[in-house]
Amino acid sequence: MANVLTSSSRPYHLVIFGASGFTGQFVVEEVARTASEGPRGNLNWAVAGRSRQKLEQVLEQAASVLGKPELRTEVDIIVADVEEPDSLAAMCKQAVIVLNCVGPYRFFGEPVVKACVENGAHHLDISGEPQFLEGMQLNYHNLAAEKGVYIIGSCGFDSIPADMGVLYTKEQFKGTLTALESFLTVDAGPDGGCIHDGTWQSAIYGFADSQNLQSLRQRFNYKPLPSVGPKLKRRGTLFYSNEIQQYTVPFMGSDPSVVKRTQRFLVEENQDTPVQYGAYAGIGGIGNIIKLMFAGMMFWFLVKFTFGRNLLVKHPEFFSFGLFTKAGPTRKQMESSSFRFAFYGVGYTEGLDPTQGKPNGKICTLVQGPECGYVATPIALVQAALTILNESKALPKSGGVYTPGAAFAKTTLIKRLDKHGIQFSVI
Ligand SMILES: NC(=O)c1ccc[n+]([C@@H]2O[C@H](COP(=O)([O-])OP(=O)(O)OC[C@H]3O[C@@H](n4cnc5c(N)ncnc54)[C@H](OP(=O)(O)O)[C@@H]3O)[C@@H](O)[C@H]2O)c1
């Protein structure tokens, strides 16, 4: 049985590790904003990272942005480095939950997961790297279960909106939902937008190593999920979507992998009917297709070689046509950006046998919210952590390595997200 300690036996409910990173700084602000939502209206938290000076600057900045001067003096700083296991152990011993913002996770993630499991701290991350996420499940699930620790990956924009969106759609459908497609559109607003270099690097090394993901998956030795309803056809690599009225490509992030793992968990745990899932992203008009093809070809070519990867890492802006930058988006750009996931599902209405005939019901739902990487991600991560602290009885009975959908299916996470601007609705 897992145990979420919210009493004084550990000094901090939350420790934000990597608080000085581009994303970490916004996680710090989100924690400071929502501290009153902690257990009994109180949240003890600290920031952690390898440079005390940078962490002081982050607290200074958060204090001035939020008009909370007390952050400068009241939030403790823990110095911890991924390269120094003792420092990680010392950090983990002090935390109920570690919010890990140190990536790329393929390079820096495992020692933090290990230290959390060994020292009894729950671990949430914002990784969108299937290889890291699935690797942690393979290597640490049993130990985490034994120790009563929850390791919950992909708690940012990758992949909470998609994973919880699938659960929400399933819940809203009156009958048995069997297949679902999501279409993501991002509105960058009048000031444009971009993604910070940290995610670019995670993508480069992830694509370069995609072969190993296949062999890792074989090691799970899974039986195929039972197939209910007609097989969901994969769309092409580029097509015009009538659903979102623009050209569309398969979504390249972790959502399909995370959703599939959640569906497997729900089948095995609750004997649920699995939902087949396809994820797509809108790219706009013809101009963007040309840019994407050109950037995609260069990326696929360069990512295979060390010299090519070095080039990509060195010049994110050039090779991504400005989508990824070393500076990241400005606060003004972030304010005017938003995302929208439209889910289109089919299934069998109540009373109809899903093993017979064609689906006769349809549903369309939306998950929409603010800028993906640095507004929605901190909201999702922090609400996931607050859910653990406030609703421990609704989590899976034992510890282990879980997806957000598996961990939070029985909690009020969707309501919490809704309250904070990540909204779920049926249309
Ligand atoms: N799920 C999502 O939608 C989403 C959204 C945003 C980001 N992310 C992911 O989050 C990760 C971070 O992205 P970012 O843009 O914030 O990157 P970043 O600005 O480069 O931040 C990386 C952080 O890791 C820290 N770090 C590096 N090596 C370390 C070590 N040896 N010990 C301790 N800390 C170390 C850095 O510390 P220093 O400050 O001392 O250098 C920094 O705080 C990436 O994997 C990215 O893909 C995911």
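**View 1. Strand 2 and strand 3 (residues 76-79) run parallel and are joined by four bridges.** Welcome to this predicted model, in which local features need pLDDT of at least 70 and side-chain atom pairs count only at pLDDT 80 or more, while totals for chains, interfaces and linings use all residues. Residues are numbered from 1 along each chain as its sequence is written. Strands (E, at least two residues) and helices (H or I, at least four) are DSSP runs, numbered from the N terminus, and two strands pair if DSSP finds at least two bridges between them. Look for alanine 46, which stands opposite aspartate 76 in strand 3.

**View 2. Strand 2 (residues 45-49) is largely enclosed by the rest of the structure, because five of its five residues are buried.** A residue is buried if 20 or more other C-beta atoms lie within 10 Å of its own, exposed if 12 or fewer, and partly exposed in between, with C-beta atoms placed from the backbone. Trp45, Val47 and Gly49 point one way from the strand, Ala46 and Ala48 point the other way, and all are buried. Strand 1 (residues 12-17) pairs with strand 2 in the parallel sense, over four bridges. Here leucine 14 stands opposite tryptophan 45.

**View 3. Seven strands make an open sheet with parallel pairing, in the order 3-2-1-4-5-6-15.** At its edges are strand 3 and strand 15 (400-402), each pairing on one side only. On average, neighbouring strands are turned by 20° against each other, direction ignored. Axes are lines fitted to C-alpha atoms, for helices over the stretch in contact, and angles run from 0 to 180 degrees between N-to-C directions. Further along, strand 4 (residues 95-100) and strand 5 (residues 122-125) run parallel, joined by four bridges, and leucine 99 has leucine 124 in strand 5 as its bridge partner. Helix 1 packs on this sheet and touches strand 1, strand 2 and strand 4. Contact here means that the C-beta atoms of two residues, placed from the backbone, lie within 7 Å.

**View 4. Glycine 153 sits in the loop between strand 6 and helix 7 (160-172).** Is this glycine buried or exposed? Glycine 153 is buried, with 32 other C-beta atoms within 10 Å. Leaving aside neighbours within four places in sequence, glycine 153 is in contact with Asp125, Ser127, Leu133 and Met136.

View 5. Strand 7 (residues 175-187) and strand 13 (residues 338-349) pair in the antiparallel sense over 12 bridges, and leucine 177 stands opposite glycine 347 in strand 13.

**View 6. Helix 11 (residues 286-302) packs against helix 12 (residues 306-314) at an angle of about 135°, with their axes 8 Å apart.** That makes helix 11 oblique to helix 12: angles under 35 degrees count as roughly parallel, over 145 as roughly antiparallel, 65 to 115 as roughly perpendicular and the rest as oblique. Phe299, Phe301 and Leu302 in helix 11 meet Gly308, Arg309, Leu311 and Leu312 in helix 12.
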